[in-house]
Amino acid sequence: MAKKRIGILTSGGDCAGLNAAIRAVVHRAHLLDWETVGIIDGTAGLLQDPPECRVLDPHEFDGNIMRLGGTILGTTNKGNPFAFPMPDGSTKDMSGKIVDGFKALGLDAVIGIGGDGSFAILKKLAKKGGINLVGIPKTIDNDIGMTEAAVGFDTAVAVATEALDRLQPTAASHDRVMILEVMGRDAGHIAVSAGIAGGADVILIPEADYSIENVAKKILSIKESGRNFALVVVSEAVKTPSGEKFQVSYHGGEKRYGGIGHYLGEKIAEATGFETRVTILGHVQRGCSPTYNDRLLASAFGVKAVDLIQEGKFGRMVAWSNRQVIDVAIEDAIAAYQQVDLDGTLVQTAKALGISLGD
Ligand code: F6P
């Protein structure tokens, strides 16, 4: 078989396990005697002249790289190339330049490691430029459809669970209600999983309506039972009961979710008489050594992505289903955006354990 040259890029917010996925791609490709080219900073690297990239030498990719958080290739979650922000505040379609960049690298195929937003852009670029694209799902939010797991989620849940483990003793020592605000964008997966695993009393997620009265009722019932503390986990995209969302504006105009925890802290203190404290976990959930599960998932995904290229199967995303790696159409995965299923096992488990969703 002719020697292939494949490109790989990481796109969107980073998470733990990206380097393990890159490593798996490089090794699998090397076994097939193919070359892997790492594109720097996602599609942004292709806007440079010449495109920013480097050939990835398998010898760089021993087991140690797998333990590293972040992505050695760099990434970006800004700058849609079809409406690229220009310094004067206008936007410009830069997709042609990115396609030219892909072509200049002489790639037979590209593996994009991303979330649903990145896949939507990569798919459009692939169509425009006739690029052979294969996707590997990653996101701490775990909201990509058609896969039971995405790289990075398990680590984020482990971090959030550990945060609850750490908050519990200090809550009990001070007779406090601790509110932990976790990431996840519009999906409450991190909150539900970490909340159950970390022994939370209340889990609030964007998918479920809640009232302060119900949250207070649960906390007061804990007090009446003789317990002097409670743990509340809230997803960052949860709104006030009247529908106001909390966002932080960053320099340059970027907005991100954040701040609902402080609102709840005040309301819970008022309604229960408990002292409250708020922890916003933030990017701590993204940047650390991956759990063994994320290393396994990333490794299996990386190998399968290269195998799909070998089979000439493009426009596909590798996915985890029923203890196996399968592949699905990228557009199906994007279309099946996955929020928390309120009738699903985890929510039902939480309820059966007496955890309140505030509803
Ligand atoms: O999508 C991953 C994620 O970490 C979300 O959970 C969070 O809302 C967002 O990215 C934060 O983005 P940024 O890294 O730009 O602050």
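Asp33 sits in the loop between helix H1 (18-31) and S2. In this predicted model, Asp33 has a positive phi of about 65° although it is not a glycine. Its relative accessibility is 49%, so Asp33 counts as partly exposed, the cut-off for exposed being over 50%. Arg185 likewise has a positive phi, of about 50°, and is not a glycine. Arg185 belongs to the loop between strand S8 (176-182) and helix H6 (189-197), and at 42% relative accessibility it counts as partly exposed. As background, most residues other than glycine have a negative phi, and most peptide bonds are trans.

Two further residues with positive phi are Asn322 and Gly312. Asn322, with phi near 55°, lies in the hairpin of S14 and S15, which has two residues between the strands. Gly312, with phi near 75°, follows H9. The table collects these backbone values.

| Residue | Phi | Location |
|---|---|---|
| Asp33 | about 65° | loop between H1 (18-31) and S2 |
| Arg185 | about 50° | loop between S8 (176-182) and H6 (189-197) |
| Asn322 | near 55° | hairpin of S14 and S15 |
| Gly312 | near 75° | after H9 |

The peptide bond between Asp49 and Pro50 is cis, with omega about 0°. Pro50 is located in the loop between S2 and strand S3 (53-55).

**Domains and their contact**

The chain is divided into domain 1 (5-151 + 290-321) and domain 2 (155-286 + 342-352). Their C-alpha centres are 33 Å apart, and the contact takes 13 residues from domain 1 and 13 residues from domain 2. Between them the two domains bury about 1,000 Å², with 51% of it on carbon and sulfur atoms. On the side of domain 1, the residues that lose the most area to domain 2 are Asp14, Ile140 and Asp141, together 48% of what that side buries.

In soluble globular proteins, nonpolar side chains tend to be buried together. The largest nonpolar core here has 64 residues, and Ile6 and Ile111 touch the most other members. Helix H5 (residues 153-174) supplies the largest share of this core, nine residues. At least three residues of the core come from each of domain 1 (5-151 + 290-321) and domain 2 (155-286 + 342-352). Apart from this core lies another, of 26 residues, including Leu9, Met94, Ile98 and Ala333.

Which residues does Ile111 touch, not counting those up to four places away in sequence? They are Ile6, Gly7, Ile8, Leu9, Val25, Val134, Ile136, Ala305, Val306 and Ile309. Several of these belong to elements described below.

**Strands**

Strand S1 (residues 5-10) has five of its six residues buried and is mostly covered. S1 pairs with strand S2 (residues 35-39) in the parallel sense, over four bridges. Within this pairing, Gly38 in S2 is the bridge partner of Ile8.

Strand S14 (residues 316-321) runs parallel to strand S7 (residues 133-137), and two bridges join them. Here Val134 stands opposite Arg316 in S14. S14 also runs antiparallel to strand S15 (residues 324-329), to which six bridges join it. In that pairing Arg316 stands opposite Ala329 in S15.

Ser235 is part of strand S10 (residues 230-235). Is Ser235 buried or exposed? With a relative accessible area of 1%, it is buried, because buried means under 20%. Neighbours within four places in sequence aside, Ser235 is in contact with Val182, Ala187, Gly188, Ala191, Leu204, Ile205, Pro206 and Ile260.

**Helix H9**

How far apart are the end C-alpha atoms of helix H9 (residues 292-311)? They lie 29 Å apart, which agrees with the 28 Å that its 20 residues should span at 1.5 Å a residue. The expected span is 1.5 Å times one less than the number of residues. The buried residues of H9 are Asp294, Leu297, Ala298, Phe301, Gly302, Ala305, Val306, Asp307, Leu308 and Ile309. Among them, Ala305, Val306 and Ile309 are touched by Ile111.

Key:
Residues numbered from 1 in each chain as written. Predicted model: local features only at pLDDT ≥ 70, side-chain atom pairs only at ≥ 80, totals over all residues. Heavy atoms only, no water. Core = buried A, V, L, I, M, F, W, Y, C linked by side-chain atoms within 4.5 Å. Buried < 20%, exposed > 50% of the residue type's maximum accessible area, 1.4 Å probe, protein only. Domains from an automatic or database assignment. Contact = heavy atoms within 4.5 Å. Pairing = 2+ DSSP bridges. Buried area = accessible area lost by both parts, 1.4 Å probe.
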